[in-house]
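Biologist: I am new to this structure and would like to learn how to read it. Please show it, and then we can go through its features one at a time.

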Amino acid sequence: MTGPTTRTAAQFPHPAAPPTADRPAAPRAAAEPAPSAAALPGSPELLRSVFRQHAAGVAVITAQDGGRPVGFTATSLNSVSADPPLLSFTIGTGSSSWPGIRDSEHLGVHILGEHQQQLAGLFARSGADRFGPGTGWAPGPHGVPLLDGVLAWLVCRVVARVPAGAHRVVIAEVVSGDPRGEGRPLLYHQGRFNALRD
């Protein structure tokens, strides 16, 4: 039987000596990512182009403005915290709904279903009669206008309105709601309202 094979330093690949107990192996250098020749500088158009690739859920935010209902379509709705239950959305300060959102203590948040593309378009259209005869709604908790037929709704108390350019990020705490609507969610992608496909 032959003894264990031994190798000299010259038999190890590359000029580095083999690791020993007092000289551990040198770490491997991380591979550097190749620079992308297609990268574009930051700009409003770049942001818009990237977010056209982002499929977002569709919500309608409602409030009371001097005793009359107001609302708008939002694709910026986000869950912020479960405990306390906080959400956020953005609204432009030039929006016709902004005065009502700015002055209201409570808001309605409605998750739209794929059967509500027309409703989403109505609440996104400037100058439209959003709460006209074709819109089913009723006053809910704290007088917040609640829309009929949605997948889910929440009534929230506003806790902050944070300036962000020509917009405000509204942060609100959930005080009541109902998640038991039927159907599948409506999505917004590539500038269009879309149904969810398997």
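Biologist: How many bridges join β9 to strand β10, and in which sense do they run?

Modeller: Strands of a sheet pair through backbone hydrogen bonds, either parallel or antiparallel. Two strands are taken as paired if DSSP finds at least two bridges between them. Here β9 and β10 (residues 167–178) run antiparallel and are joined by 11 bridges. Ala-164 stands opposite His-167 in β10. The hairpin of β9 and β10 has 2 residues between the strands, and Gly-165 takes a positive phi near 65° there.

Biologist: What should I know about the model and its numbering before going on?

Modeller: The model is predicted: local features need pLDDT of at least 70, side-chain atom pairs count only at pLDDT 80 or more, and totals for chains, interfaces and linings use all residues. Residues are numbered from 1 along each chain as its sequence is written, and side-chain values use heavy atoms, with hydrogens and water left out.

Biologist: Which strand pairs with β6 over 6 bridges?

Modeller: Strand β9 (residues 152–164) pairs with strand β6 (residues 106–111) in the antiparallel sense. Within this pairing, Val-109 has Leu-154 of β9 as its bridge partner.

Biologist: How many helices and strands does the chain have?

Modeller: Helices (H or I, at least four residues) and strands (E, at least two) are DSSP runs, numbered from the N terminus. The chain has 3 helices and 12 strands.

Biologist: What is the order of the open sheet of 3 strands?

Modeller: The order is β1-β11-β12, with antiparallel pairing. β1 (56–57) and β12 are the edge strands, each pairing on one side only. Between β11 and β12 there are 4 bridges, and Leu-187 stands opposite Asn-194 in β12.

Biologist: Is Ile-101 buried or exposed?

Modeller: Buried means under 20% relative accessible area, exposed over 50%, and partly exposed in between, with a 1.4 Å probe and protein chains only. Ile-101, in helix α2 (residues 98–103), has a relative accessible area of 0%, so it is buried. Contact means heavy atoms within 4.5 Å. Leaving aside neighbours within four places in sequence, the residues in contact with Ile-101 include Phe-72, Phe-89, Leu-107 and Val-170. Ile-91 is another of these contacts; its C-alpha atom is separated from that of Ile-101 by 8.6 Å.

Biologist: Which residues of α3 are buried?

Modeller: They are Leu-119, Ala-120, Gly-121, Leu-122 and Phe-123. These buried residues pack against β2 (59–65), β3, β8 (145–147), β11 and β12 (192–195).

Biologist: Which element gives the most to the lining of the largest pocket?

Modeller: A pocket, on a 1 Å grid over the protein atoms alone, is an open set of points where a 1.4 Å probe fits, with protein on both sides within 12 Å along at least five of seven lines; lining residues have an atom within 4 Å of a point. α1 gives the most to the lining, with 5 residues. Of the 30 lining residues, the closest to the pocket centre are Thr-75, Ser-76, Thr-90, His-167 and Tyr-188.
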